[in-house]
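Below is a brief report on one protein chain. It covers the overall layout, the strand pairing and a surface patch.

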Amino acid sequence: MEVAIDNRKLALESAFDNFNRVSEDLTSAYDQLENRVDSLQKELAETKNEKFHQLVEKEKLADRLSILLRTLPVGIVVLDDYGTIIENNEIANNLIGTNLIGESWNKIAKKYLAAGYSGNSEVCLKNGNRISLKIESQKRSEGKVIIINDVTEEYSYHESINRKESLESLGNMVASLAHQVRTPLSAAFLYVSSLEKHIGKQELSFQLIENVKHCLHSLEETVNDMLSYAKGEWQLSDVISIEELVSRIQNDICLLYTSDAADESSSV
């Protein structure tokens, strides 16, 4: 009987020992779990804090880019992967002449850009202005950024320079030609003056000489105009009435008719 009691006592003591060990293991595991939870909470808090700072920085960057987009002296158009305009600044709207958001760039190009548009180039708008287009692809998507610069004044300036150079070349040529004409013209005046002294005023040949002198004077005026133009002194400021123009044409026709009549008389 005592042996059975001892065995039960030993069994109970063994069970209590096992229970204590399991309790200690559970307590240790719970402590480790609490430590792990604290560690994860700290990591989560740090991650949240880092993400928050990243979000704040991205918002600041977006604000800076928005300000930059508004203040740039050129037009900016942003396209998505499908070629639709998702963002642009006011300058782009003003240069193209319409609101661009939500429109297809290809449709805008066909509607407002003159024929011959092809990617990066200078192109004339249908309203007469001239723009320079530069298309940049975005690295992380198929979208594009289009930079639009108004080059109307620059183009007009270069056109003016080219025109001035052409006019200078033309003026030099005209001056050279005028000087070459003046020499035989002066000789012609001398010959006509000499003939005029030896012919009476009543003779028909005298009228022919007067007609020749009139033509020579007209040619001299043309040469003088050419020289004035070459020097930059010639201005189209003379105003002539229709009556005066008709009168001059009639006089020239009369002179021509008189010359033809004199030629017929001399041949007879």
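The protein chain holds 6 helices and 5 strands. These are DSSP runs numbered from the N terminus: helices are H or I with at least four residues, strands are E with at least two. Along the sequence the pattern reads α-β-β-α-α-β-β-β-α-α-α.

This is a predicted model, in which local features need pLDDT of at least 70, side-chain atom pairs count only at pLDDT 80 or more, and totals for chains, interfaces and linings use all residues. Residues are numbered from 1 along each chain as its sequence is written, and side-chain values use heavy atoms, with hydrogens and water left out.

Of the 268 residues, 18% are buried. Buried means under 20% relative accessible area, exposed over 50%, partly exposed in between (1.4 Å probe, protein chains only).

Now the surface. Ile 240, Leu 245, Ile 249 and Ile 253 form a nonpolar patch there, with about 350 Å² of accessible area together. Areas come from the Shrake-Rupley method with a 1.4 Å probe; for residues, only the protein chains shown count as cover. Patch members have over 30% relative accessible area and no salt bridge, and nonpolar side chains (Val, Leu, Ile, Met, Phe, Trp, Tyr) are joined within 5 Å. A salt bridge puts a side-chain nitrogen of Lys or Arg within 4 Å of a carboxyl oxygen of Asp or Glu. Ile 249 lies in helix H6 (residues 242-267). Ile 249 counts as partly exposed because its relative accessibility is 44%.

Notes. Patches are made of residues with over 30% relative accessible area and no salt bridge: like charges are joined within 9 Å, nonpolar side chains (Val, Leu, Ile, Met, Phe, Trp, Tyr) within 5 Å.
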